[in-house]
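I opened the model and kept notes as I went. The entries follow the order in which I looked things up.

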Amino acid sequence: MLDWLVGLSPWQQALAGTLFTYGMTALGAALVFFFKDIKKDILNLMLGFASGVMIAASFWSLLDPAIEQATENGSIPWLVAGIGFAAGGLFLYAADRVIPHMHFGPNQEREGMESHLKRTILLVFSITLHNIPEGLAVGVAFGAANQMADPVAGVLAAMSVAIGIGIQNFPEGAAVSIPLRQEGLSRWKSFLYGQASGIVEPIAGVLGAILVTKLTFVLPYALAFAAGAMIYVVVEELIPEAQQNSSSKNHHAVFGVMVGFIIMMVLDVALG
């Protein structure tokens with residue numbers, strides 16, 4: 001399996017990795033065929049888990065390699081990482097303001113440009129928005145792998161990113177499809193909308209891999225960009241939504257963050 005993956009071109013590796021993360025989203029969305037409701041505590045745990053994975057991946061898989069790559073290129077590492085990180089956050093901020101969407105949770109306020117789209121579409125758009133940096137992170141990681149002295153080690157590190165994001169996509173898929181079922185959609189429609197939220201990941205992944213392999217000087221900026229975008233999603237969406245759903249005595253979201261962080265950290269250190 002590893003030899004086969006190493007033998008592929010960067011964009012093909014990114015496609016394989018993001019198809020895995022998309023598949024995990026679809027598997028999670030398929031839980032709607034078995035459950036109609038999702039307890040608030042479980043939803044908080046899922047959102048917290050996704051947050052923990054994304055926080056850990058942002059540093060070990062993206063920012064740390066960005067700093068190392070910038071140092072090798074003779075650039076000022078903290079400046080490159082800072083510019084890329086800020087650009088990623090600003091990109092998601094702009095997308096948040098432009099793309100019409102609606103968050104899950106008790107305060108379902110419409111955001112983005114004025115739109116007459118159905119609530120269900122707006123809810124799916126909300127999840128789709130933060131799947132963009134996840135797909136980009138996987139694509140950039142595989143693009144970076146092919147510029148390392150040891151491509152095998154690079155591919156293993158990129159695989160850890162894909163596996164980590166794939167793991168957190170499973171509960172995330174369920175966190176989309178089951179609430180849609182509660183909105184009144186059929187099980188099949190809820191599943192289709194839930195899995196569709198992950199389709200953007202292969203697109204973003206392939207584009208990210210192509211970009212950093214064609215324009216190698218962009219690599220450290222792209223790594224930091226993906227990190228900034230993911231941290232923006234965690235702080236602006238995932239953690240607030242988890243906290244809105246819980247009482248002051250509920251710590252499921254906190255435990256979810258810690259477990260997700262540990263799992264992603266172990267994956268990255270073990271495979272990276």
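Which residues is Leu 62 in contact with, leaving aside its neighbours within four places in sequence? I listed Ala 57, Ala 137, Leu 223, Ala 226, Ala 227 and Met 230. I note that the model is a predicted one.

Entry on the core. I looked up the largest nonpolar core and found that it has 56 residues. Leu 62 is among those with the most contacts inside this core, together with Ala 137, Val 140, Phe 142 and Leu 238. I then checked which helices supply at least two residues each: H2 (10–29), H3 (40–72), H4 (77–98), H5 (119–145), H6 (151–182), H8 (200–214), H9 (219–244) and H10 (252–271). The largest share comes from H9, with 13 residues. As general background, I wrote down that nonpolar side chains tend to be buried together in soluble globular proteins.

Entry on the chain. I counted 10 helices and 2 strands. Along the sequence I read the pattern α-α-α-α-β-β-α-α-α-α-α-α. Of the 272 residues in the chain, 50% are buried. I also looked at contacts between residues at least 6 apart in sequence, and 81% of these join residues at least 24 apart.

Entry on H6 and H10. How do the axes of H6 and H10 lie, and at what angle do they cross? They come within 8 Å and cross at roughly 165°. I recorded the crossing of H6 past H10 as right-handed. On the H6 side, the contact is made by Ala 153, Leu 156, Ala 157, Ser 160, Val 161, Ile 163, Gly 164 and Ile 167. On the H10 side, I noted Ile 263, Met 264, Leu 267, Asp 268 and Leu 271. I sorted the residues of this contact into 10 nonpolar, 2 polar and 1 charged.

Entry on Thr 25. I found Thr 25 in helix H2.

How values were computed
Residues are numbered from 1 along each chain as its sequence is written. This is a predicted model: local features need pLDDT of at least 70, side-chain atom pairs count only at pLDDT 80 or more; totals for chains, interfaces and linings use all residues. Side-chain values use heavy atoms; hydrogens and water are left out. A nonpolar core is a set of buried Ala, Val, Leu, Ile, Met, Phe, Trp, Tyr and Cys residues joined through side-chain atoms within 4.5 Å. Buried means under 20% relative accessible area, exposed over 50%, partly exposed in between (1.4 Å probe, protein chains only). Helices (H or I, at least four residues) and strands (E, at least two) are DSSP runs, numbered from the N terminus. Contact means heavy atoms within 4.5 Å. Axes are lines fitted to C-alpha atoms, for helices over the stretch in contact, and angles run from 0 to 180 degrees between N-to-C directions. A crossing is left-handed if the near helix is turned anticlockwise from the far one by less than a right angle, and right-handed if clockwise. Ala, Val, Leu, Ile, Met, Phe, Trp, Tyr, Cys and Pro count as nonpolar, Asp, Glu, Lys and Arg as charged, and the others, Gly among them, as polar.
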